Amino acid sequence: MKAASIIAMRVAPWAIPVLIIGIFGIDLLTPLVWADWLLYFIPLVLSWQSHRVYTPYRLAGLVTLLMALGAYFHSDIDPLVAVLNRGFGIVAMWGFTWLMVRQKGVTDQLGKIELARSHAETHRGAALASLELAEASARGAIQRESQTARQLLASSLRLDGIIQSAMDAIMTVDQDQKVVLFNQAAEQMFGCSVAEAIGQPLDRFLPARFRDAHHHHIQAFGQSGVTSRKMGQLGTVMGIRANGEEFPIEAAISHITVEGKKYYTVILRDITDRKGVEEELKRQHDFIDTVLETAGGLVAVLDRHGAIQRFNRACEQTTGYSSEEVTGKAVWDFLLIPEEVESVKRVFSRLAGGESRNEHENDWVTKGGLRRRIAWTDTVITDGQGNVDYVVATGIDVTELKQV
């Protein structure tokens, strides 16, 4: 059926004029009483395939003219009969043409509806396929998002657990130096809850006299290109608790940039106890230094190998050597006369082997080449495992006594 329609569409444009001319010739050659005008229905039917709506009407008008001309050229019949004959044919022709055009319009409309329905079905199928693909993509995206959310939650919980269980205080501030993170150790250190700290300026936790300097330091650090500084590199700084008490702290600082904004994370360590211990050790060290330097006798501290670690002022005055000149040198390398070197080494061997105390005498050679006779008392200092760390030698210059 489709092939026949295609053939008709190709044949109709040139077949219709030929048929009309041929039918007009037959009409002129045949008697008028014959109903040869019926042949004009053939080209009218062929015009069915035309895409133009008014083509059948134009063709009917042409046929009407030709039928009238055909009746005019016939003189072999009564004019009244000719008019009736041709009038009936023309009416029938126009009636057929109207019905054909109307039917063609209905058919075209049905074809358009069917075509639209076909397109709608095609689009519906494509839409359904797209919807299924979108649903599958959405399900995959939801699954991936859910998995990512679970991973982020687990990572966040692990990070939060690490931060909250840290022994050191951890604070994070934004580029405006407002607190955005404050762990439990920080709460205990500053006596301030998380709710009270979040959103507060970092200055709140610093003594007023340090705030300007610290503010400029943070800005300079963010612009320096250095991303972190280790604990202690900033030196000792001071913090202030909620009750107004100041205390020393050490800090390590780092910064990152997230979505164009800088965040600074500070790890703080309260060194109040350590400072107290350091001050006590320093006080004891100063006391020992004072005792050693003001002692009337000679005091030399040596390691287990005989290298001098400490040389007090009496030793310096007796030998002529400064503490800087002798520190790290073994006593038998320059202070002893050659014949006494082995005996002193044996003394050190016994002390290293477990002997806790020893008394002996030997001659020290001064920087000027003089000999001084020294009576020594050696006492060992051991570590926690009982190993000898140092030998403390206290001596008395008995040169004049020996001479007497």
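Which residues have the most contacts inside the largest nonpolar core? They are Leu298, Leu302, Ile308, Phe311, Trp332, Leu335 and Trp364, in a core of 27 residues. A nonpolar core here is a set of buried Ala, Val, Leu, Ile, Met, Phe, Trp, Tyr and Cys residues joined through side-chain atoms within 4.5 Å, and buried means under 20% relative accessible area, with exposed over 50% and partly exposed in between (1.4 Å probe, protein chains only).

The structure is a predicted model, in which local features need pLDDT of at least 70 and side-chain atom pairs count only at pLDDT 80 or more, while totals for chains, interfaces and linings use all residues. Residues are numbered from 1 along each chain as its sequence is written, and side-chain values use heavy atoms, with hydrogens and water left out.

Leaving aside neighbours within four places in sequence, Leu335 is in contact (heavy atoms within 4.5 Å) with residues including Ile308, Phe311, Asp363 and Trp364. A second, separate core has 21 residues, among them Val173, Phe182, Cys192 and Ala251.

A search of the whole structure finds 7 aromatic pairs. Rings of Phe, Tyr and Trp (its six-membered ring) pair if their centres lie within 6.5 Å, and planes under 30 degrees apart count as stacked, over 60 as edge-to-face and the rest as tilted. Two of these pairs are set out below.

| Pair | Centre to centre | Angle between planes | Class |
|---|---|---|---|
| Phe182 and Phe190 | 6.3 Å | 35° | tilted |
| Trp332 and Phe348 | 5.5 Å | 85° | edge-to-face |

Trp332 lies in the loop between α10 (323-326) and α11 (341-352) and Phe348 in helix α11, so their pair ties together parts that are 16 residues apart in sequence. Both Trp332 and Phe348 are buried, and Phe182 and Phe190 are buried as well.

Ring pairs also link Phe182, Phe190, Phe205 and Phe247 into a cluster. Phe247 stands in β5 opposite Gly239. Strands β4 (residues 237-240) and β5 (residues 246-258) pair in the antiparallel sense over 4 bridges, where pairing requires that DSSP finds at least two bridges. The two strands form a hairpin with 5 residues between them, and Gly244 in the turn has a positive phi of about 90°.
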